Amino acid sequence: MRIPHRTMRRAILFLCLAAMAADPTSRGAPPTTPPGRTVRVGLYENPPKIFVDEHGDPDGFWAVLVQHIARQAGWRVQWVHGTWKQCLTRLANKEIDVLPDTGWTPERARQFAFCTETPVVSWCRLYTSREANVESILDLNGKTIAGLANSFDLEGPQGLKDLARSFGLTCRFLEMPSYDAIFRAVRKKTADAGLADGDFGRLNARRYGLKSTPVIIQPTRMLFAFPKDAPMTPRLIAEVDSNLARLKRDKRSIYYQAKKTFLGPRGISIVKEVVPHWAKTLLAVLGGALFFVGAVAFVSRTQVRRRTAALRLSEERFRLAFMTNPDAINLNRLADGLFVDVNDGFTNITGYTREEVIGKTSREISIWANIEDRERMMQGLQNSGKVANLEAPFRLKDGRIATGLLSASLITLNGETHIISITRDISELKRTQQALRASEARFRRLFEESPVALWEEDCTVLLAHLDELYRSGVPKTDLNAWLEAHPEALAACTRHVRIVNVNAAAVAQFQAKNKEELRRSWERTFSENSFEAFREAVVAVAEGRTSFGMEAEMQTLRGRRIDVSVHFSLAPKRGSDLDSTHTIIVATVDVTPIKRAERALKQSLYELRELHELSARIRANLSPEVVAKETIALAGKAVGADIALFFACRDDRLELLASETGTVPLGPEAMRHREVVRCLCGPVASAREPVYSKDIRTDPRCRLDECNPEGIRSFAGLPLIAGDRVLGLVALASVAERDFERERVFLETLGNEVAIGFQNAQILERLRKHQAELERRVRERTAELEAVNRELEAFSYSVSHDLRGPLRAIDGFSRILAEEYEQKLDDEAHRLIDVVRDNTRRMAQLIDDLLAFSRVSRHPIERRVIDMSALARAVYAELIDDVQRTRVRLTVQEMPPARADSSLMRQVFANLIANALKFTAREETARIEIGSKIENGETVYYISDNGVGFDMQYSDKLFQVFQRLHPQEEFGGTGIGLSIVERIVVRHGGRVWAESELGRGATFYLALPNA
């Protein structure tokens, strides 16, 4: 019986374990750790270094090392299988304790801990298809390269991406989960080349039909890696380093045997457990052959039992897989075509039960919609023994036709040939494909026939390039600012965009000869103003926006500048995750006429705004000189003139009022002494019409040779005409040849506005001169009036002083006469004496009131905020006596404060309240109300009463001096109090009035400015 190689290997391993204690070289080994400690070890596919064999067991160079170290250190190994990227993530998250075959890099050293002993040094090689020609790294420019995701050979320092950047190469990188996936991508032509571990490539390149290239990179120490700061890490590193150091010292150790077996020139992918030298010693001592045969027999019997059990398990698994497969699987006898068995997928898809088909042929149930398809299947089986992916229509039990994808093979069961076929229902897939093809056809038709210029762009490589920038430290959240600060990086982004297709409208819009020229030369469509828009597009793509738009200036391939409205639409990814593309549909609409109209409109609005501003300035109280300066400043800026001059017409000559010459050495003093009437300024003033000249050097109207040395070239002259008179002119000039007549409407409108403003300024200047004369006369008259007022005040004081003496004498003698001659005088004499005394008192009161009235006009006003309600209550309390208090009902509202002179305002309230008390004296119950209201933005205070009132037809006399509306015998008084009230209120900038009706009381109002 032939013993399987795996059985042989386990037998040898059994003997080695049994004899380990007798090995003389093992006595120097370090003491082992008690078994039972679980160590989680990362495992990924990288044969022959480390992989899972056909039985699901870890195998390879690193697996042998781990198993040996585990035995020595007392580990209980728990293998954790995954991709390389998953293993790295698990190590970072402390989900595994050890990761073999990890290349050391400075970046990884900051994240992980490593052993110090180096098990092996490895390198990477580039592999391509057999027909490709890559001899050096320079041949990779423009190529698509597949590499292991998160591997140091792709991402690390001096990795392929770093090398490509240093050589200035433009490459597209596809990140794959495993080396197998890399080789599959190269075989399928998804990638032009693949970067893989040298040992893996040596073992597997031929199997994938690939060849190695001379490009070798990244010779790196491959170490055991451990999670940083994990509790077990220091102990694990010490155990790994001590065992590795011991194994590397012994040239006959399992380390060198495994290295030769897996990594030597004849390395294999199936692990052969290496027999150490101490096993040979043991076999010699025990007699070798007899013991070996016995051990093999024992292991063989064990293996037979295991194989039998495995066979039963395999049959059960096959049966379960056969029945539960969702595809239709049927087993037919080749000789007569009878159905032997069908699975549940067959019954579910066709609608037949197993009983309805087993023992019948496909012809009997008419399952083939076209019998020719069955003949093709049989022909294929006859030729090669199998048929793959035969697409055919099948008739189901209910009569519907379904499309199936059939694969069949010939097998032998119990010595008889059968056909096993698997059919997948692809009806829905076919409908989807048809709909997709129809949709694709519609899209292509719309794309090609659209009147809008359309571009189909592949930005896959651009996104990969942006990812590289992020990994190199470019801030992802501030990409826009970074690209703006690095224009060379933005220019490099254009090389990572591939134009897949353009339509006919795009070819016409950008004046290309054909599609290929536009696709090949699309970067030439950028003008110097286009890169800002392109930067916005790059940022939008990086942020994953599916739709965005902008406006940009571009240029055709023939150099014509155009304004375009650009709209980007990011299409869904196409292809698998490993070979997906990011496509953008870009629509560019030529909006040059619209933008030209917008610019013209903006220019018009600008000119109108400038004209309005100028008009506002020159219509203000400005002098002619200021109008001239404002005019040339605005006119020169608005039309971009190098020289602006403003001349005023003075009789038969032109006088320069203002000038703006910029960098042209043409000063105002020079212009004043030149014969400007001989240049084009003269015809402007004499012809009374605007004059435009593109080149005064060839214009016969210009006879002033002095203008040429100053470099003046183009000219515009505008007369300033008001009525039938030329007031002056505005001259604009440029050192470059230009046509000022294009701004004719603006300039002539400006000339009309300036003429009006200049005329007004001249009139205003004359008025100012008259105003100055009037003000002088007013000052003289005011001085005269002040002198007269001073004389009147002196006279009033003198009169009041001189009159008081006689009045006091009359009153005194009358009182003496009444007292001393009381018995001698009769009643009539006493009455006459009383009349004399009353009149003297009235005369004294009249003098006092006149003096008070005079003082009101001279009293300086000191304004402060006054509480009017409190002031009214205080004045009333001073005026009222006990008898009146029982009869008068006073109401004082809360009133707004006033900003006024407190002493004068107290006098106002005193006069008005006293007036109300006097004219309500005959009322049994007197009512006085003091309040306020707001009317037309001013505060109005009022005092009303229910007294006798007055006739409104005499209201115009109410506030005049000495005017009374009631006889002295009825109500006393001098007739001056209300005149004082009016004088005080007017001096405060207010007004006073009254409303009344005879017998119904009166209301006095005073309006003051708001506080």
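## Basis

The model is predicted, with local features requiring pLDDT of at least 70 and side-chain atom pairs pLDDT 80 or more, while totals for chains, interfaces and linings use all residues. Residues are numbered from 1 along each chain as its sequence is written, and side-chain values use heavy atoms, without hydrogens and water.

## Helices α32 and α33

Helix α32 (residues 902-919) packs against helix α33 (residues 977-987) at about 145°, with the axes 9 Å apart. Helices here are DSSP runs of H or I of at least four residues, and strands are E runs of at least two, numbered from the N terminus. Axes are lines fitted to C-alpha atoms over the stretch in contact, and angles run from 0 to 180 degrees between N-to-C directions.

In the contact (heavy atoms within 4.5 Å), α32 contributes Leu 904, Gln 907, Val 908, Asn 911 and Leu 912, and α33 contributes Gly 977, Leu 978, Ile 980, Val 981 and Ile 984.

## Aromatic pairs

There are 18 aromatic pairs, meaning Phe, Tyr or Trp rings (six-membered ring for Trp) with centres within 6.5 Å; planes under 30 degrees apart are stacked, over 60 edge-to-face and the rest tilted. Trp 62 and Phe 224 are edge-to-face because their centres are 5.0 Å apart and their planes at 80°. Trp 62 is in helix α2 (residues 61-73) and Phe 224 in strand β11 (residues 210-227), 162 residues apart.

Ring pairs join Phe 61, Trp 62, Phe 224, Tyr 255 and Tyr 256 into a cluster.

## Charges over rings

Arg 444 lies over the face of Phe 447, 5.7 Å from the ring centre; Arg 545 lies over Phe 548 at 5.6 Å. The rule requires NZ of Lys or CZ of Arg within 6 Å of the ring centre and within 35 degrees of the ring normal.
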